[in-house]
Amino acid sequence: MSETELDRGSRRGNALTSLVHNQLFGYSRFMEPSDAIAALSALAQPTRLECFRLLVRHEPEGLPAGELARSLNVPANTLSAHLTILSHAGLVTGARDGRSIIYRANLERLRALTLFLLKDCCGGRAELCVPLVAELAPCC
């Protein structure tokens, strides 16, 4: 590899390290530990986790409750209980649209939870988090 290629790679690595540092350590809106525990507890059940993941995949349109129930193959009343728990944790919102309620994932809450978990990533050494962020970047 030539010296120029090494310089470019180093600059790219430094830019990514800087981006990681700004994203993880420059974030000013903190999530309280109790809020993180509520969100993680809400997601610690298979149906709720799959429901949330399905809603994330259907952003920004969201999904009607009936379609969610059919997709997850759960009774409507069971889904309603799960959505209530996710809603109390701030992970989903519901808005009436005629006779339906359209549910959406709260991506800001997901972002806050992720940042809460990564806030002290690698003891403040942002360069160690670069592989994690690099793996997330293609999906975002």
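This report describes the fold of one protein as seen in a predicted model.

Residues are numbered from 1 along each chain as its sequence is written. Because the model is predicted, local features need pLDDT of at least 70 and side-chain atom pairs count only at pLDDT 80 or more, whereas totals for chains, interfaces and linings use all residues, and side-chain values use heavy atoms, with hydrogens and water left out.

**Overall make-up**

The protein holds seven helices and three strands, where helices (H or I, at least four residues) and strands (E, at least two) are DSSP runs numbered from the N terminus. Read from the N terminus, the elements follow the order α-α-α-β-α-α-β-β-α-α. Of the 140 residues, 29% are buried, a term that stands for under 20% relative accessible area, with exposed meaning over 50% and partly exposed lying in between (1.4 Å probe, protein chains only). Among the contacts (heavy atoms within 4.5 Å) with a separation of 6 or more, 67% are between residues 24 or more positions apart.

**The sheet**

The three strands form an open sheet in the order E1-E3-E2, with antiparallel pairing; E1 and E2 are its edge strands, each pairing on one side only. Helix H3 packs on this sheet and touches E1, E2 and E3, and its direction makes about 90° with that of E3, the axes being lines fitted to C-alpha atoms, for helices over the stretch in contact, with angles running from 0 to 180 degrees between N-to-C directions. Two strands are said to pair if DSSP finds at least two bridges between them, and the two pairings are set out below.

| Strands | Residues | Sense | Bridges |
|---|---|---|---|
| E1 and E3 | 63–64 and 100–105 | antiparallel | two |
| E2 and E3 | E2: 92–97 | antiparallel | six |

Arginine 48 lies in helix H3, which spans residues 46–57. Arginine 48 is buried yet has no salt bridge, and the nearest side chain of opposite charge, glutamate 50, is 13 Å away. Here a salt bridge is a side-chain nitrogen of Lys or Arg within 4 Å of a carboxyl oxygen of Asp or Glu, and Lys and Arg count as positive and Asp and Glu as negative, with His and the chain ends not counted. Leaving aside residues up to four places away in sequence, arginine 48 touches Ser41, Ala42, His82, Ile85 and Leu86.
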